[in-house]
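Please brief me on how the copies in this model pack and how they are related. Keep it short and grouped by topic.

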Number of protein chains: 2
Amino acid sequence: MAATELPSSGEDWLQTLHEAADAGDEARFARYVADVALPELARALETFPYDERAHLLANSGVTDSARLLLYLNRDAAVHLATELGVPALAEAAQDLNASELAELTDVLDGELAHGLLERCDIVRRREVESLLAYDEGTAARIMHRDVVTVRADAAIAVVHRYLQRRQALPANTDQLMVIDRDGRFRGVLAVTDLFTAEPTASVGDVMDAEALIIEPEHDQHAIMRLFLDRDLLSAPVVAPDGNLLGRIIASDVMDLVEDRAEHAMLARDGLDEDTDLFAPLIASARKRAIWLGINLGTAFLAAAVIGQFEATLEALVALAVLMPVVASMGGIAGSQTLSLAIRGLAQGQILPTNRNWLLGKEVGIGALNGVLWSLVVGGIAGLWYLNAGLGVVIGIALIINMIAAAIAGIIVPLVLGRFGFDPAISGPVVLTTVTDVVGFLSFLGLATLFLL
Amino acid sequence: MAATELPSSGEDWLQTLHEAADAGDEARFARYVADVALPELARALETFPYDERAHLLANSGVTDSARLLLYLNRDAAVHLATELGVPALAEAAQDLNASELAELTDVLDGELAHGLLERCDIVRRREVESLLAYDEGTAARIMHRDVVTVRADAAIAVVHRYLQRRQALPANTDQLMVIDRDGRFRGVLAVTDLFTAEPTASVGDVMDAEALIIEPEHDQHAIMRLFLDRDLLSAPVVAPDGNLLGRIIASDVMDLVEDRAEHAMLARDGLDEDTDLFAPLIASARKRAIWLGINLGTAFLAAAVIGQFEATLEALVALAVLMPVVASMGGIAGSQTLSLAIRGLAQGQILPTNRNWLLGKEVGIGALNGVLWSLVVGGIAGLWYLNAGLGVVIGIALIINMIAAAIAGIIVPLVLGRFGFDPAISGPVVLTTVTDVVGFLSFLGLATLFLL
């Protein structure tokens with residue numbers, strides 16, 4: 001069988017690559033990376049220390065270094081680009097199309113981006129700058145311009161001849177874009193329909209005039225939903241005036257979906273999808289320090305609450321032992337509600353009409369699980385210290401905190417979203433603050449009232 | 001312009017849908033859902049209470065109810081299928097292809113699935129059962145069988161005539177599959193190449209014989225990587241003996257990537273991507289209770305550690321006030337390392353050769369940020385209680401806990417993965433246990449030794 005196998009053991013390949021690099025065997029290294037795709041090479045390069053990457057790349061025989069930067073995480077891309085230097089980078093960037101170059105200048109930012117654009121001719125620079133006027137992640141920034149257009153009034157047989165005269169068609173062309181005499185978008189024509197349609201029929205009769213179109217300002221969320229919901233392989237990007245601008249391909253959208261997966265995973269740790277696991281120590285430590293500082297603020301807020309009850313704690317040390325249980329159970333319950341609410345908001349499922357129902361339901365769940373687990377926690381606490389009152393107090397505090405957690409889990413992302421914050425990043429911090437404060441306050445407060 | 005606009009305001013549409021439903025205006029409801037895609041309809045239906053869904057669907061004019069079930073989350077699908085009943089479901093399921101039917105029986109499970117398969121003829125049932133022999137998420141379960149095959153020894157002009165004779169080609173056909181006389185897979189032929197190739201050339205000369213192939217057992221992770229790395233729109237599925245089985249399309253892979261995004265977001269709350277935000281109260285409460293119970297175990301473990309130091313806490317109540325700060329900072333730092341390690345493992349970037357380097361680096365970050373924040377925390381604590389010793393002790397405990405967090409953040413997912421657990425689910429629980437226990441133990445232990 002001629003076809004090559006799916007690389008099923010990426011880790012073994014990467015391990016061999018490391019061995020070649022460690023042995024200083026550059027020829028072997030170059031051979032191993034010769035036919036891998038750029039995203040694979042980027043992931044591999046990320047596993048080497050920063051100061052080895054430029055050297056490895058230079059000796060790898062890979063000429064596509066500018067495009068490779070687009071697949072590295074931001075930190076790694078900036079570092080490698082700095083090592084390469086502007087002249088070499090500008091040379092390699094000549095192969096990039098305008099969208100790729102716009103993305104690269106966006107990633108590199110500052111002097112590198114400036115140097116890169118300065119070395120472009122004026123036409124290309126204008127083109128890149130017009131793309132940069134759109135926000136990152138909008139359709140205009142993602143689209144390809146390599147569309148194949150045909151006229152609506154042409155006959156199918158004419159399209160056949162036209163395509164045969166072209167040397168090659170752009171990769172991943174599953175449909176042609178149909179325009180009218182004035183260049184306005186009219187619809188799409190599946191390439192496969194060229195075979196099954198009558199040769200004498202006109203393109204306008206065969207095309208799909210109801211194809212969904214994307215506008216240049218549409219954001220990645222809308223684009224993802226369109227592709228996911230409609231099983232598209234590509235879609236046209238059309239300006240509001242009907243001007244055909246380009247096309248978006250499924251593989252680009254897949255990259256967006258994957259970025260979102262990484263974002264979802266890392267946001268609540270205050271990290272972004274561009275965080276480099278293999279970045280140097282100092283740079284990594286600095287990035288993470290800020291998040292620790294923010295969380296330190298909330299931790300001291302909780303400590304301040306506890307500090308109000310020093311006399312109570314001195315009188316009954318069991319409270320100090322048990323108080324983390326109340327706070328932690330609220331945190332877990334609230335985090336469940338919060339994550340579901342963030343997903344519901346992202347999918348547009350939380351509406352003015354069902355918001356109150358949802359809040360009521362989550363409060364009900366909090367109350368139900370609060371009662372259930374308060375029996376367990378109260379029982380254990382009461383038996384541990386042979387103090388029935390302590391059991392009752394911790395049980396009631398737990399119920400209060402779990403209901404508060406449910407309310408916060410729905411309200412916090414709604415409010416954060418309203419003020420333009422990403423609830424996936426800031427939601428967990430705010431929620432933990434609520435459940436810590438309410439947990440300590442209710443438990444120690446009730447204890448002060450009823451146990452002393 | 002004839003083309004319809006991208007539905008840019010999904011929430012408004014959903015709001016209108018709710019208003020129609022609340023007003024009991026079934027005709028209006030049916031009109032609103034008439035031309036939305038099934039995934040959109042599924043998301044909309046999920047926002048209605050369980051007991052309204054079957055009624056709404058029955059009056060919506062949607063006939064594709066069996067396929068709709070595939071887009072609902074599992075809980076909602078099982079509930080709706082039960083409402084529909086086996087006879088109606090079997091009727092609607094006649095439109096499904098074998099892969100879809102296999103997926104549906106997998107989702108429904110139990111009696112419903114059994115009833116559904118019983119009503120199929122024997123050929124179809126065998127086909128579905130042979131698919132169910134493969135694990136969920138493998139290529140065999142995801143692929144489509146509607147491939148267009150051509151012979152390698154045919155001339156391009158013959159392929160043209162063959163395609164013209166077919167009534168229609170399967171949707172999203174961007175390439176034809178090339179087989180030899182014995183039906184073995186030989187390569188792929190891009191549909192666009194049919195135009196640019198010489199009519200007299202043979203398919204074998206024009207095709208891509210090096211196309212990557214997917215084996216039926218390949219799992220979704222390998223399939224996602226292939227599509228993401230190679231920008232494919234479709235790929236052939238070929239048995240080890242060279243037999244062509246089907247094709248996988250980019251839109252299916254996009255669904256896999258999206259499921260993984262939801263999994264990444266919900267796993268650490270002990271939820272799965274099938275959790276229904278709008279499920280009834282009791283069912284939701286039951287699902288979430290188990291996770292709370294697991295976390296309760298770890299909370300009591302931490303409490304037991306604190307309980308060992310009751311005498312210390314009684315002597316110095318400030319310790320009770322400050323101890324959550326030490327535990328919480330360790331938890332935050334460890335969670336950052338853990339999330340990055342889980343991502344690195346998923347991408348195959350953590351290897352025997354760089355594991356120790358990585359561990360050393362994370363410990364370095366923990367130590368560096370530990371020292372930095374210990375100065376802040378120690379300073380605040382020392383000033384708060386005018387007790388320099390307390391400041392030193394909490395500072396040292398913080399450094400210890402942050403180093404422990406870094407080690408746990410790397411080791412825990414490696415060990416969990418080795419034993420077949422999903423580190424995204426169980427990792428955070430184990431990590432929090434470590435940082436709570438080490439945090440309380442180091443702080444209260446050091447205080448017992450040096451402050452009393």
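Helix α17 (residues 281–307) of chain A and helix α20 (residues 352–384) of chain B have axes that come within 9 Å and cross at roughly 40°. The model is predicted: local features need pLDDT of at least 70, side-chain atom pairs count only at pLDDT 80 or more, and totals for chains, interfaces and linings use all residues. Residues are numbered from 1 along each chain as its sequence is written, and chains are lettered from A and ligands numbered from 1 in the order in which they are written.

**Helix crossing**
- α17(A) passes α20(B) in a right-handed crossing (the near helix is turned clockwise from the far one by less than a right angle).
- Axes are lines fitted to C-alpha atoms, for helices over the stretch in contact, with angles from 0 to 180 degrees between N-to-C directions.
- Contact residues (C-beta atoms, placed from the backbone, within 7 Å) include A:Leu292 and A:Phe300 of α17(A) and B:Leu368 and B:Trp373 of α20(B).
- By class, this contact of α17(A) with α20(B) has 13 nonpolar, 3 polar and 2 charged residues (Ala, Val, Leu, Ile, Met, Phe, Trp, Tyr, Cys and Pro count as nonpolar; Asp, Glu, Lys and Arg as charged; the others, Gly among them, as polar).

- The same surface serves both copies: 100% of the contact residues of chain A recur in chain B.

Terms used:
Two residues are in contact if their C-beta atoms, placed from the backbone, lie within 7 Å. Helices (H or I, at least four residues) and strands (E, at least two) are DSSP runs, numbered from the N terminus.
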